[in-house]
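These are my notebook entries on a single protein model.

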Amino acid sequence: MASASASKYNSHSLENESIKKVSQDGVSQDVSETVPRLPGELLITEKEVIYICPFNGPIKGRVYITNYRLYLRSLETDSALILDVPLGVISRIEKMGGATSRGENSYGLDITCKDLRNLRFALKQEGHSRRDMFEILVKHAFPLAHNLANLKLMILLPRPPE
């Protein structure tokens, strides 16, 4: 049997990462859900956010940002939601609200996509969580402006045989 660390990837394989879910009573449960990743796709950060859904209202979830996509999975059991947005689809990222913003869900990020989706995420004001997420998204969604194009090519191109 091959171990997980020695597994080989082909162009059609997916790398999985299990996540834990915390129930309302505070008990951490491993629900063996997976975040699908492509070969060479690296998890950069994950944060707990509130997604402002235009159809169902605010939904609490966890957003995972990789070097390829933004992936959101809802934490609420009554409204199962998954968003899978390739970073190349993002056309604009804006900060909404400020340090003096009042009101629930008034501080976060507004993301406009080339496929006409508008995603709004509310974040906690403490700990610079919005700035961290904003900088990571801008850096990886617009790689030419941050000299990441060569790095992404090196990661995605297969290595020559030795």
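**Entry 1: strand pairing.** I looked up β3 and β4 and found that they form a hairpin with three residues between them. I take strands (E, at least two residues) and helices (H or I, at least four) as DSSP runs, numbered from the N terminus. The model is predicted: local features need pLDDT of at least 70 and side-chain atom pairs count only at pLDDT 80 or more, while totals for chains, interfaces and linings use all residues. I number residues from 1 along each chain as its sequence is written, and side-chain values use heavy atoms, with hydrogens and water left out.

I count two strands as paired if DSSP finds at least two bridges between them. β3 and β4 run antiparallel and are joined by 10 bridges. Within this pairing, I find I59 of β4 as the bridge partner of Y51.

I then followed β4 onward to strand β5 (residues 69-74), to which five bridges join it, again antiparallel. β4 and β5 form a hairpin with two residues between them. Here I65 stands opposite L70 in β5.

I also checked how covered strand β4 (residues 57-66) is: seven of its 10 residues are buried. I use buried for under 20% relative accessible area, exposed for over 50%, and partly exposed for values in between (1.4 Å probe, protein chains only).

**Entry 2: rings.** I searched for aromatic pairs and the structure holds one. It is formed by Y51 and F121, with 5.7 Å from centre to centre and 45° between the planes, and it is tilted. My criterion is that rings of Phe, Tyr and Trp (its six-membered ring) pair if their centres lie within 6.5 Å; planes under 30 degrees apart count as stacked, over 60 as edge-to-face, and the rest as tilted.

Which parts does the pair tie together? Y51 lies in strand β3 (residues 43-53) and F121 in strand β9 (residues 118-122), so the pair ties together parts that are 70 residues apart in sequence. I find Y51 buried, at a relative accessible area of 6%, and F121 buried at 0% relative accessibility.

I note one further ring: the charged end of K95 sits over the ring of F134, 4.7 Å from its centre. For this I require NZ of Lys or CZ of Arg within 6 Å of the ring centre and within 35 degrees of the ring normal.

**Entry 3: cysteines.** I asked how many disulfides there are, a disulfide being a pair of cysteine sulfur atoms within 2.5 Å. By this rule the count is zero. I also looked up C53, which is buried with a relative accessible area of 8%, and C113, which counts as buried at 4% relative accessibility.

**Entry 4: a backbone angle.** Most residues other than glycine have a negative phi. L116 has a positive value, near 75°. I place L116 in the loop between β8 (108-113) and β9. Is L116 buried or exposed? It is exposed, with a relative accessible area of 77%.

**Entry 5: totals.** I record two helices and nine strands for the protein. From the N terminus on, the elements run β-β-β-β-β-β-β-β-β-α-α. Of the 162 residues in the protein, buried ones make up 37%. Among contacts (heavy atoms within 4.5 Å) between residues at least 6 apart in sequence, 40% join residues at least 24 apart. The protein exposes about 10,600 Å², and carbon and sulfur atoms supply 54% of it.

Technical notes: Areas by Shrake-Rupley, 256 points an atom, 1.4 Å probe, with all protein chains shown as cover.
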